Structures are given as structure tokens and as C-alpha cells.
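The sequence and structure come before the description.

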Amino acid sequence: RTMQKLMVLAAVGVFQTAVAFAPGGWLDKQPLRAPKLRRQTRSGASVLCAQIKFADAVEEVLVRKWDKKQVSRVVKSWRRMDEDYIHKEFKKEHDTWQECNSFVEGLPCKTFHDPYEFDWAQKLRDNAKTIQDEFTRVAIEGSDELDKKGNNVWATAANATSAQSYGPDWKTLALMDRCVWDPVNVDLFPETTRLLRELEVPCLEAFFARMQPESKIAPHSDYCNFALTAHLGLVVPEQECWIKVGKDTREWRNGEMLMFDTSLLHEAANEAETVRYILMLRVWHPALAQPEVEAIKYIFSSLDEPSIVEGDLRALAPNLFAPQQQPTGGSDWAAKPASLNFGPMEGG
């Protein structure tokens, strides 16, 4: 899955472009990590030729596309991610650490939330049997057909950190990743997809998760605090499956939901002799403002399609570009570092 690559490495790529000398542009950002070189155009205008990082270009779009004050927390989070920052704080009230590299300041943090404070969660529970029946029919009884037709069916954690925590027995089947529906798998689970859409579940990620009998997940963080994790129990050996976040422990129940903060260290176990299946959702933290949600969605889009950044920036601020400079539309301008990502790590 695309979400597998969410740890930023120290080495990041840069791309070249020519930008105009303008207040509020890249010149006002100090320090730029790349060298800055000026040249004169034939008309005498001062323009800047420099290596500009992908992260800088995305930031320029964010502060021009939305009110700068409304998205300041997201911009700061994005900048910190690019700088390889990891927020690490011991939460005394929860007796555990919060660790994340996708960190938005000021979001309330607690181990478990009451999912039924949210209308969509109540309605999802009311329709749990529809989801359970479809899952049983397609994923269990029709497993052979699913293996043939599905996309990345029951994939293991590819990220090294996640793989170490989760082990080989924890597998997923994605419906949505970073706000993008899987075009293959949604057709295999049409009722589940319909409910998630019609109930307007505020998810940025949705997938089924399978946990093998007598297996454990080691304490870990999913490295993101702007999304909460919600689980709907589908096929659960009750009283033999639990998840612990900080000092608090809950058990999964069939047809019931859990919601918790996976930026806090958490662990889980299936002590039964049968498999545990859940529907797992990443949902926007309720303390995010709508402009912040939209700004994060734009970051997701820019990571999936880096070429949109140049086009958007030309439309929003054409004065940043040297006269006569044409859109490159190529990899030189939109060279996104392969390891640069944003949002939750796989797991939960």
C-alpha cells in the first residue's frame, strides 16, 4: 500500500526551477537548504535560479490555496516532517509515550474515545451485520475467488518498523488508502463501500485486518496524531482478543466499535485458536478544522501525483516564475523524494 512508506529519511531530493524575486515567495524562507543564485532577465527583472525542494513547493501552494493562519498547524507539521522531526513526549496521564513524525500541534490526546459520540459510528454499528455478512461471503467463504480477483489481498507490513512490530501474521486488505478508493477491491465489497460513502464516514483509510490465532503485536506507534483509528469487529473470538493503549485495555466485540489514538504506544493480542477479523478505519481527528483537513488531503494528492504542484503554483502565483518559462511537466521540476510521505504508518 502507498501508506507503507511514511518514515522520512534524512536524505531528500531537490528539483530545479526559476522563480521570481517576490515577497512571500521562496526568498522569504530562511534558510533555504539549496544555494541561491540571481540572474538578470533581458528586461532587467531580478529572478532567482535555485534548487528548490519539493517540500518547499508544496508549502507555497498550501499558504496560497488556503488562509495561511487557518492551515498554519498543517504547514508546520509538513515542514517538520521534511526536516526529519519526530515528536516524542511522555504522557503521564496515560503512562505511555506519544511518538509521531506526522504531528499537528494542539490536538487533544487520550487513549480511547467513545465512538458513539459520532453519528456515523452509531449508524455503522447499526449496519454491522450487512458488513459482516458480505465479508464472510467474499473473504472467507469465497477466499479462492478473492485471491484471484482482489488487489494486494492480505498483504503483510512492508515497512520495516511495522513489520517488526506486527510480525508476519497480521495482514490487510485495503478499500481506501490516503483518501483514494481501491478501484478493484471496492467492487468486491460493494455493500461495505456503499455504507462508508453514504454514512459519510470521515476516513482517510479503510481496510480489513486479519490477526492470526495465538499471535501478538508488540508495542508501537503509528506515527501520526491527526488521525484516530476505529475498529468494527467482524469475526471476533470474544474475551480472547484485546488491545492496550497506554494503561488502558479494551476487548473487541462482534458488531461493536472501538476508537483510539495510535500515536500513543499500543499493543494487541489474539489469544484464541481462531482468526480475528475487523474493519479498520483511519478517521480525521475531530479537533481538526475543515481547512486543515483539506490541506492534508492536498499533501496526500501531491505525494501521489507530484506533477500537480507545479501546475497549481503557476496558477496561484505566476509571478514566482521567470518570464517565458514554460511548465516543464517532467521529472526535473517535480522530483518528489521517494521516501517523503505524510500520515499514519501501516498498522493500528
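## Core packing

Trp 120, Leu 124, Leu 146, Trp 154, Phe 189, Phe 208 and Leu 281 touch the most other members of the largest nonpolar core, which has 34 residues. Such a core is a set of buried Ala, Val, Leu, Ile, Met, Phe, Trp, Tyr and Cys residues joined through side-chain atoms within 4.5 Å; buried means under 20% relative accessible area with a 1.4 Å probe, protein chains only. The model is predicted, so local features need pLDDT of at least 70, side-chain atom pairs count only at pLDDT 80 or more, and totals for chains, interfaces and linings use all residues. Residues are numbered from 1 along each chain as its sequence is written, and side-chain values use heavy atoms, leaving out hydrogens and water.

Helices (H or I, at least four residues) and strands (E, at least two) are DSSP runs numbered from the N terminus.

Helix 4 gives the most, with five residues. A second, separate core of 32 residues includes Val 63, Trp 66, Val 104 and Ala 317.

In helix 3 the buried residues are Trp 120, Ala 121 and Leu 124. Viewed down the helix axis, they fall within an arc of 100°, so they line one face of helix 3; the arc is taken over directions from the axis to the C-beta atoms. These residues pack against helix 4, helix 8, strand 13, strand 16 and strand 18, where contact means heavy atoms within 4.5 Å.

Lys 171 lies in strand 8 and counts as buried because its relative accessibility is 18%.

Conventions: Buried means under 20% relative accessible area, exposed over 50%, partly exposed in between (1.4 Å probe, protein chains only).
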